[in-house]
Amino acid sequence: VDATSGKITEPGRGPASAGPPPVVESIDYNPPRGTRDFPPDEMRLRSWLFQQFREVSRLFAFEEVDFPVLESEALFVRKAGEEITQQLYNFEDKGGRRVSLRPELTPSLARLVLQKGKALPLPVKWFAIGQCWRYERMTRGRRREHYQWNMDILGIPGVEAEVELLSAIVTFFKKVGISSNDVGIKISSRKVLQSLLERFEVPPGSFAAVCVVVDKVEKITRKEVEEELLKLGVLKDAADGILNALSVRSLTELEGLLGTESEAVRDLKQLFSLANGYGFADWLVFDASVVRGLAYYTGTVFEGFDKEGKLRAICGGGRYDRLLSTFGGEDTPACGFGFGDAVIVELLKDRGLLPSLQQEIDFIVFPLEEVLRPQAGLVTTKLREAGCVVELILESKKMKWAFKHAERLQAKQLVLLGSSEWERGCVRVKNLSSREEEDISIDELITKANTSKE
Ligand SMILES: Nc1ccc(Br)nc1
């Protein structure tokens, strides 16, 4: 590979007497458009973030699951006009199958639950962290992949499930240093919209599509929303009534609008009351305009938002009681959320809450003479067996290089093997912060290492 141009040549092509082999093509060192590499610094932050996701999921007694990033396209084809289904990263594979990179995890989770069938006791409490894809026209220059943390509860029809999920989200925020001054969670129910559509005699078959349009209300103008609603058979006065109703500012006002028998009002009152019991009601805000953009939500919907109003939704979720039956399964109550890896990092950056993450090296082992390399290997193995992070210098180097290397890696201690010390059964250990040094036996070194790791 030519170091500057990155051009590669195919070795061994053409007759022996021919000149240099032809350049076949140049390799672009950047990842495909809209995708990211994770070099060590970024990977440490991603691993830290996923560790927080996993720790919260563990505390809530959820089990981790995963699915193929490639799924049958049929899992995601829906007719409600969602952006997510219009940007499928889909194609026909070499076997002529219609497949797609997953744009979300919920349909895969539903598929696995249905695959397990009655053998799977309910409630199911599963979480997953997976890369999701969209084919965004590069005109908008947005990313085409992100990682999403999902938690889902299946088999619980009541808002007790939503409250657990909301508590998990709040637990995560608190764990990374975010408070209810920084972030809130908007709560509503699609049953609000359902009641309004019934009141205005909108055909029930357009419910999902209406939700998808109404979800755009903060992204496009009200006039454009009304035009899109009109195309779905929602007449002007109905559209006005619906959009005005979604601006109610309290559950009391909502009850005045929908009546005391409203399921939406009952669910939301119970949800807020339970959240109060858990101690996180201060994170929640009723907001009737929240509908979320996924067609399959049927009840409670929620989204995390930053109170400075600078960022896109941090996370979002809701109840999807009909999804499994649309896949041919039994009607199974379900709710869950998705939490992306991008907005949360922007928020942590903005709030100065990014953790400082360095590689942690306990020992650098350095044979001063190559003849002592096998012995250096022995010391290294024993230190690693004691649970220490050890960097063994793999080439013959000068002492000055070793010290600079230790400095760069911020290693704690440097173990030097020299023939005179070795003949006395010792190694020299330099503490790189205190600069103290001592000759100690290997057994003593390992004993100290074990003690430090207990
Ligand atoms: N659904 C989805 C997939 C990938 C990205 Br980036 N954003 C949303």
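**A close look at charged side chains**

Mentor: Start with Asp306. A polar atom of the Asp306 side chain lies 3.2 Å from the backbone nitrogen of Lys310. The model is predicted, so keep that in mind throughout. Asp306 sits in strand β11, which covers residues 300-306. Is Asp306 buried or exposed? Asp306 is buried, and it has no salt bridge. Arg351 is the nearest side chain of opposite charge, at 4.5 Å.

Which residue does Glu303 pair with? Its salt-bridge partner is Arg292, with the closest N and O atoms 2.9 Å apart. Glu303 has a relative accessibility of 14%. Buried means under 20%, so Glu303 counts as buried.

Now widen the view. How many salt bridges does the structure hold? The count is 45. One of them joins Lys269 to Glu255, where the closest N and O atoms are 3.0 Å apart. Lys269 is in helix α10 (residues 263-278) and Glu255 is in helix α9 (residues 251-258), so this pair ties together parts 14 residues apart in sequence. Lys269 is partly exposed, at 39% relative accessibility.

Next, go to the network. Salt bridges link Glu421, Arg424, Arg428, Lys430, Glu437 and Asp439. Look at one pair in it. Arg428 and Glu437 meet through their side chains, 3.6 Å from N to O. Arg428 is partly exposed, at 26% relative accessible area. Glu437 is also partly exposed, at 38%.

Arg435 belongs to the loop between β17 (426-431) and β18 (437-441). Its phi is near 70 degrees, a positive value in a residue other than glycine. Arg435 counts as exposed, at 51% relative accessibility.

Glu201 has a positive phi as well, near 50 degrees. This residue is found in the loop between α5 (190-199) and α6 (207-214). Glu201 is exposed, with 72% relative accessible area.

Among the residues around the ligand are Arg134, Arg143, Arg144 and Glu145. An N or O atom in the side chain of Arg134 is 3.4 Å from a nitrogen atom of the ligand. Pro103 contributes through its backbone: an N or O atom there lies 2.8 Å from a ligand nitrogen. Two strands, β7 (124-133) and β8 (145-154), each supply at least two shell residues.

Pro123 lies in the loop between α3 (106-116) and β7. A cis peptide bond joins Leu122 to Pro123, with omega at about 0 degrees.

Technical notes:
Residues numbered from 1 in each chain as written. Predicted model: local features only at pLDDT ≥ 70, side-chain atom pairs only at ≥ 80, totals over all residues. Heavy atoms only, no water. Near = heavy atom within 4 Å. Polar contact = N/O pair within 3.5 Å; in protein donor to acceptor, adjacent residues only side chain to side chain. Helix = DSSP H or I, 4+ residues; strand = E, 2+ residues; numbered from the N terminus. Buried < 20%, exposed > 50% of the residue type's maximum accessible area, 1.4 Å probe, protein only. Lys, Arg positive; Asp, Glu negative; His and termini not counted. Salt bridge = Lys/Arg side-chain N within 4 Å of Asp/Glu carboxyl O.
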